[in-house]
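Trainee: Hi! Could you walk me through this model?
Mentor: Happy to, let's look at it together.

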Amino acid sequence: MAWTWDDTKKTRNIDWDLVAQYSAKEFGRFLRSLRERARLTQSDIGYRAGVDQTYVSMIETGKRDIRHVSAERMLRLLQAYGLTKEDIDHLLKAWSTPKEERTHYTETPQNASEVRPYRLPVVEGGAGSPSFEDAREFMLFWLPPMKGKKETSLFAVKITGNSMEPLLYEGDYAIVDTETPPLTGAIVAVGIPGDGIVVKKLAERNKQLYLESVNPLYEDIPLPEDAKIWGPVISVVRNFHQGFPSKKLKALP
């Protein structure tokens with residue numbers, strides 16, 4: 001996950017090495033999540049940065065890459081989204097660091113010996129049965145070798161909706177391990193009768209388990225009594241094309 005929010009201290013913890021890997025579209029979603037957390041509109045951002053609201057929209061949808069605008073405008077925009085001088089310094093440093101030197105550089109290795117194919121059942125989040133065992137679709141995923149894990153214990157959930165942005169986006173595939181006990185704080189796949197399999201963050205408050213959405217626009221819900229926690233999400237496959245991950249293979253912390 002690129003960033004977390006401490007509600008008790010009202011502070012952010014941002015992994016700038018990971019953010020630096022974002023495409024223009026992903027970075028736009030990241031900025032949008034900061035804006036929504038601050039309860040600001042695109043017009044508010046435009047007023048702060050001295051640009052039109054439509055320009056802000058283009059930044060957030062990735063139609064305009066913020067890295068390719070003038071330094072002065074980039075600075076105004078980043079400040080408008082609430083980034084501090086220290087934040088901006090970290091971001092610029094991460095952008096200027098060669099990919100191979102970044103702490104979290106996770107591009108799919110060119111050496112085929114560093115990954116192996118996993119043929120996994122695929123279910124679509126929020127649809128169908130709350131079980132993955134009757135999945136009719138199988139896809140081939142190239143993943144780093146997972147020592148001690150059986151292929152039969154893994155399955156993939158195709159993400160739908162935007163309740164988990166900016167960690168998971170619609171169209172991503174979350175790889176779930178059914179043999180690892182889930183801990184609070186982990187992203188998990190949960191089977192809920194009537195809703196199918198959903199992917200949420202598992203949290204505990206006053207001895208009550210909750211399913212949290214990363215996107216602040218969505219409310220957290222108590223874990224239903226008849227829900228089944230299938231297991232934690234151990235990796236995320238993005239930029240999927242014709243059954244194979246094209247460039248990025250991001251492992252969750």
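Trainee: Where in the protein chain is confidence lowest, and where is it highest?
Mentor: The lowest confidence is in strand 13 (residues 244-245), with a mean of 36, and the highest is in helix 3, at 94. That score is pLDDT, the predictor's confidence in each residue, from 0 to 100. Helices (H or I, at least four residues) and strands (E, at least two) are DSSP runs, numbered from the N terminus. This is a predicted model, where local features need pLDDT of at least 70, side-chain atom pairs count only at pLDDT 80 or more, and totals for chains, interfaces and linings use all residues. Residues are numbered from 1 along each chain as its sequence is written, and side-chain values use heavy atoms, leaving out hydrogens and water.

Trainee: What does the protein chain average?
Mentor: A pLDDT of 78, and 80% of the residues score at least 70. Over residues 240-253, though, the pLDDT is below 50. Where pLDDT is low, the predicted coordinates should not be read in detail.

Trainee: New topic: is Glu-26 buried or exposed?
Mentor: Glu-26 is buried, with a relative accessible area of 4%. Buried means under 20%, exposed over 50%, partly exposed in between (1.4 Å probe, protein chains only). Glu-26 sits in helix 2.

Trainee: And what lies 2.9 Å from a polar atom of its side chain?
Mentor: For Glu-26, that is the backbone nitrogen of Ser-23.

Trainee: Which residues does Ile-66 touch?
Mentor: Not counting residues up to four places away in sequence, Ile-66 touches Phe-27, Leu-31, Ile-59, Met-74, Leu-77, Leu-78 and Trp-95. Contact means heavy atoms within 4.5 Å.

Methods: A polar contact is a pair of N or O atoms within 3.5 Å; within protein, one must be able to donate a hydrogen and the other to accept it, and residues adjacent in sequence count only if both atoms are side-chain atoms.
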